[in-house]
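Here is a short briefing to read alongside the model. Take a look at the structure first, then follow the notes below.

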Amino acid sequence: MTMVHIRQARLCARGARAFFLRYGLDWTGFLRDGIPADELEATGDALTARVCALAREEAAARG
């Protein structure tokens, strides 16, 4: 999952950064490399579902 998916889900970068800080996730690493959807889902936060679904749909479309 990348910042592109966050924007596709109509979430803002500031809120995403706060989310990463709240859960102790590496924001800079995410911006550089993305993050596996399952790592986000492991937080149990409901906001991750929409973003992860978009990332998975994109990955499935690529084959």
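Trp27 and Phe30 sit three residues apart in helix 3 (residues 27-33), about one turn of the helix; helices here are DSSP runs of H or I with at least four residues, numbered from the N terminus. This is a predicted model, in which local features need pLDDT of at least 70 and side-chain atom pairs pLDDT 80 or more, while totals for chains, interfaces and linings use all residues. Residues are numbered from 1 along each chain as its sequence is written, and side-chain values use heavy atoms, leaving out hydrogens and water.

**Aromatic rings**
- Rings of Phe, Tyr and Trp (its six-membered ring) pair if their centres lie within 6.5 Å; planes under 30 degrees apart count as stacked, over 60 as edge-to-face and the rest as tilted.
- The whole structure holds five aromatic pairs.
- One of them joins Phe20 and Trp27 edge-to-face, at 5.3 Å centre to centre and 75 degrees between the planes.
- The Trp27 and Phe30 pair is tilted, because the ring centres are 5.5 Å apart and the planes are at 35 degrees.
- Phe19, Phe20, Tyr23, Trp27 and Phe30 make up one aromatic cluster.

**Burial of the rings**
- Trp27 is buried, at 13% relative accessible area (buried means under 20%, exposed over 50%, partly exposed in between, with a 1.4 Å probe and protein chains only).
- Phe30 is buried too, at 2% relative accessibility.

**Asp45**
- Asp45 belongs to the loop between helix 4 (37-41) and helix 5.
- Leaving aside neighbours within four places in sequence, Asp45 contacts (heavy atoms within 4.5 Å) Phe19, Arg22 and Tyr23.

Terms used: Helix = DSSP H or I, 4+ residues; strand = E, 2+ residues; numbered from the N terminus.
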